[in-house]
Structures are given as structure tokens and as C-alpha cells.
Amino acid sequence: MTQADLDMKRLGNFGKRIGGILNGAAAALMISVGHKVALFDTMSDSGPASVEKISKLAGLDKRYVREWLAAMTTAEIVEYDSNRDLYTLPAEHAAMLTRSAGPRNQSLYMQYIPLLAKVEDQIVHHFRNGGGVPYSEYTTFHAIMAEASAARFDALLISTVLPLVPGLIDELSEGIEVADVGCGSGHAINVMGAAFPNSKFTGIDFSEEAINVARTESQAMELGNVSFRVQDAASLTDSDEFDFITTFDAVHDQAKPRDMVGGIFNSLKPNGYWLCADLCASSHLGENLDHPIGTFGYTVSCMHCMSVSLAYDGEGLGAMWGAQQAREIFTGAGFEVDEVARVDGDAGNNYYVCRKPALK
């Protein structure tokens, strides 16, 4: 194809699109940095301020702060008054970038970009040779996941998410046996344990490192009704052990997700509920073309969720496995999926309310 064969208008529009992608990727890195060094939090309280003032308030090197501010200004995240050489973080931007924003804080998720970049060379290798990258290579994954999910759990878990299950709050108040499978750093199970002292809670995860973090938090909160065990989610074997089980974004990256779901089914008592939160998507690409974070979802899937599963000779469902495949797997294990709910404040997840039928 020669230059004369090209649609120059289409070429120009695509060039702008590519430039936007490049600038967006760079901005994501700078937002991640700004979150880690608390610059957004500092600026949200400072009003219009100079580089010198922002640097001093944040306790950071002025030269780095100036360059960061330039990147944030050209990204239209920070506003710049060139006459007075002052920078402002608008309140509407702070409402989506600071720690006080809770689950609306999008800077939490920007941290996944540098995390994934660390394994790019390994992902390229596996494109050519198959297989995947194991959990151990994602050195900051648990910390980032814990921080992002903690904001959501603190704001929504007790008041909004758990009431999706019929009668659950009363049962938890009276006292039942609960498990969080694939609990990671354990914040969800600790939040539930603190809210419902009459119930007993067990966090289960195959990562000893994550479980150690969970135990440390539980001890700091002085929770006598919460315990943890290191166990592969696919190896749950005890029957009728729990009245209620939760999983939060844990099914899709399992090596053997169907074994995990089957184990959860067996571990529940008859008429018990499993509440599964997982990424909101369709199993069909054509239905995800307008997904608000579709590119991000498929990228995280390719470079983490799918790859981690394949590293352990797994199924490789991926983060965007979708509601249709989820229903097929859940009902195939014997569950009745009573409801697929959405929650205000958690736009990224579906909540599957799954019930184990009573014995006939």
C-alpha cells in the first residue's frame, strides 16, 4: 500500500488516538507516583500553591515535584496559573484521586500499570513459548490489591454488600460460621469479624505471605473470632463446614476455578449462600466494546490473571471471563444463582448471590 492509497483523514484521526494513548499511559504512571508520595492528598488541602509550598507540605524534593506537576498540568489533572506560578488540584479531581475519596479513588488502580510493566519481558517470553508468570513475580501485587480493596470494603461491605444476601445480617448477628476463600491480605474477613462478634470467620488463601499480613491486622484489631489458614482454594474438602462463604475477585485467576467452585459448594451447608464478587463483563468480546474499562480489564487479564493461572498449568479464564461463563461454572457445580447484583460505589464488579439447595 502506498501513501496515495491511505485515507488521510482516518490516518490523522488515528494518529491523534495513538498520541492520546501514549499520553494516557504516561499520565497513569505519574498518577501512581503521585498517589504513593501523597501529592494528591497534599494538594487537596493546600489550595492554589507554589512548587515550594507543595514540596514543603509533602516533604518531597522540589525538582521532582516541579516535573511531576508539569506532567499533571499537561494531562489536565492539575490546573496552573502561569501569571502567579501556582498549581491547584480541583475539588472534583481530588474527589477521584485522594485517599479520602474512598472507593472512588482511581489513583489506586493506576498502580497496576507499573506493576504489570515489571513483568513485560516475561510476558513476551510466554507469548512465544506458552506458560505463564507465577504469583511470586508480582512483588507488590498483594499490597496494591489490599489497598484498593480495603477502600471498597471499609465503605461498602457491611452496609451495602452483605445485605444482598437474604436474611444474612440477622444470621451474622446471631452467630454463624463464615469463610472468605482467596482472602488475600484478609481485610474483608477482618472487617466482618469486627462487625459481627458472635460469628466465627475463617480466611483461606494459598499465599503464606498474604495470610501473615491478614493475621497481623487481625491481632492488631484484637479479633478473637477470626482465624486464617494457608490452603489452595481448589483443595477445599470439608463438607458442610460453613453457613456462608465469600470470594472477592478471586475465582477468575485460579488455576482450577471449577475445582474451587466445587469445593465451595461442598463446604457450604445446605441452604447456605456463597457471595461472589468478580469483574463486571460479558463473556463475549462484541458485548464489551463499550466497556468503560475494557482495555484495562483485558490488559490486566493478559499480563496477570490469565498468565498466573497458566503458570500453574491452569485454565486461564482471565479477568474478563464474563457473566455468562460465571453462571455456567456456578450452576454446573450445583449452585442456584439467585441474583446478579450491582452495587453503588463499586462499578467494576458483579455480585453473584449463589445458594446451595437443600438436600432432597
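Modeller: Contact here means heavy atoms within 4.5 Å. The model is a predicted one, and with that cut-off in hand its contacts can be read residue by residue.

Biologist: Which residues does alanine 194 touch, apart from those up to four places away in sequence?

Modeller: Leaving out residues up to four places away in sequence, alanine 194 touches Met221 and Leu223. Alanine 194 belongs to helix H11, which covers residues 187–195. Another alanine illustrates separation: alanine 194 and alanine 250 are 56 residues apart in sequence and 22 Å apart in space, taken from C-alpha to C-alpha.

Biologist: Is alanine 194 buried, partly exposed or exposed?

Modeller: The classes rest on relative accessible area: buried is under 20%, exposed is over 50%, and partly exposed lies in between. Alanine 194 has 44% relative accessibility and therefore counts as partly exposed.

Biologist: How many of the 9 residues of H11 are buried?

Modeller: In H11, 7 of the 9 residues are buried, and the helix is mostly covered. The buried residues are His187, Ala188, Ile189, Asn190, Val191, Met192 and Gly193. As for what covers them, the buried residues of H11 pack against H9, strand S3 (177–181), strand S4 (200–205), helix H12 (208–220), strand S5 (226–230) and strand S6 (242–248).

Biologist: How should I read the nonpolar cores?

Modeller: In soluble globular proteins, nonpolar side chains tend to be buried together. Here the largest nonpolar core has 32 residues, and those with the most contacts inside it are Leu157, Leu162, Leu172, Phe201, Phe244, Leu275 and Tyr351. A second, separate core of 25 residues includes Ile204, Val251, Ile264 and Leu317.

Biologist: What does phenylalanine 201 touch, not counting residues up to four places away in sequence?

Modeller: Phenylalanine 201 touches Leu172, Val178, Ile189, Met192, Gly193, Phe196, Asn225, Val226 and Ser227 on that count.

Biologist: Which nonpolar residues form a patch on the surface instead?

Modeller: Leu6, Met8 and Leu11 form a nonpolar patch on the surface, and together they have about 240 Å² of accessible area. Methionine 8 lies in helix H1, residues 8–36. With 44% relative accessibility, methionine 8 counts as partly exposed.

Biologist: Let us turn to strands. How many bridges join S7 to S9, and how many join S8 to S9?

Modeller: Strand S7 (residues 268–279) is joined to S9 by 7 bridges, and the two run antiparallel. Strand S8 (residues 336–343) is joined to S9 by 6 bridges, again in an antiparallel arrangement. At the level of residues, leucine 279 stands opposite asparagine 349 in S9, while the bridge partner of alanine 341 is tyrosine 351 in S9. The hairpin of S8 and S9 has 2 residues between the strands, and glycine 345 takes a positive phi near 100 degrees there.

Biologist: Where does aspartate 346 find its salt-bridge partner?

Modeller: Aspartate 346 forms a salt bridge with arginine 152, with the closest N and O atoms 3.3 Å apart. Aspartate 346 lies in strand S9 and arginine 152 in helix H9 (residues 141–161), so the pair ties together parts that are 194 residues apart in sequence. Both partners are buried: aspartate 346 has a relative accessible area of 6%, and arginine 152 one of 8%.

Biologist: How many salt bridges does a search of the whole structure find?

Modeller: The search finds 14 salt bridges. One of them joins glutamate 52 to lysine 62, the closest N and O atoms being 3.9 Å apart. Glutamate 52 lies in helix H3 (residues 51–58) and lysine 62 in helix H4 (residues 62–74), so this pair links parts that are 10 residues apart in sequence. Glutamate 52 is partly exposed at 39% relative accessibility, and lysine 62 is partly exposed with a relative accessible area of 42%.

Biologist: How does a salt bridge within one helix read, as for glutamate 67 and arginine 63?

Modeller: An α-helix has 3.6 residues a turn, so residues three or four places apart point the same way. Glutamate 67 and arginine 63 are 4 residues apart in helix H4, and are therefore separated by about one helical turn. Their side chains meet in a salt bridge of 2.7 Å, N to O. Glutamate 67 is partly exposed, with a relative accessible area of 47%.

Key
Residues are numbered from 1 along each chain as its sequence is written. This is a predicted model: local features need pLDDT of at least 70, side-chain atom pairs count only at pLDDT 80 or more; totals for chains, interfaces and linings use all residues. Side-chain values use heavy atoms; hydrogens and water are left out. Patches are made of residues with over 30% relative accessible area and no salt bridge: like charges are joined within 9 Å, nonpolar side chains (Val, Leu, Ile, Met, Phe, Trp, Tyr) within 5 Å. Accessible areas come from the Shrake-Rupley method with a 1.4 Å probe; for residues, only the protein chains shown count as cover. A salt bridge is a side-chain nitrogen of Lys or Arg within 4 Å of a carboxyl oxygen of Asp or Glu. Buried means under 20% relative accessible area, exposed over 50%, partly exposed in between (1.4 Å probe, protein chains only). A nonpolar core is a set of buried Ala, Val, Leu, Ile, Met, Phe, Trp, Tyr and Cys residues joined through side-chain atoms within 4.5 Å. Two strands pair if DSSP finds at least two bridges between them.
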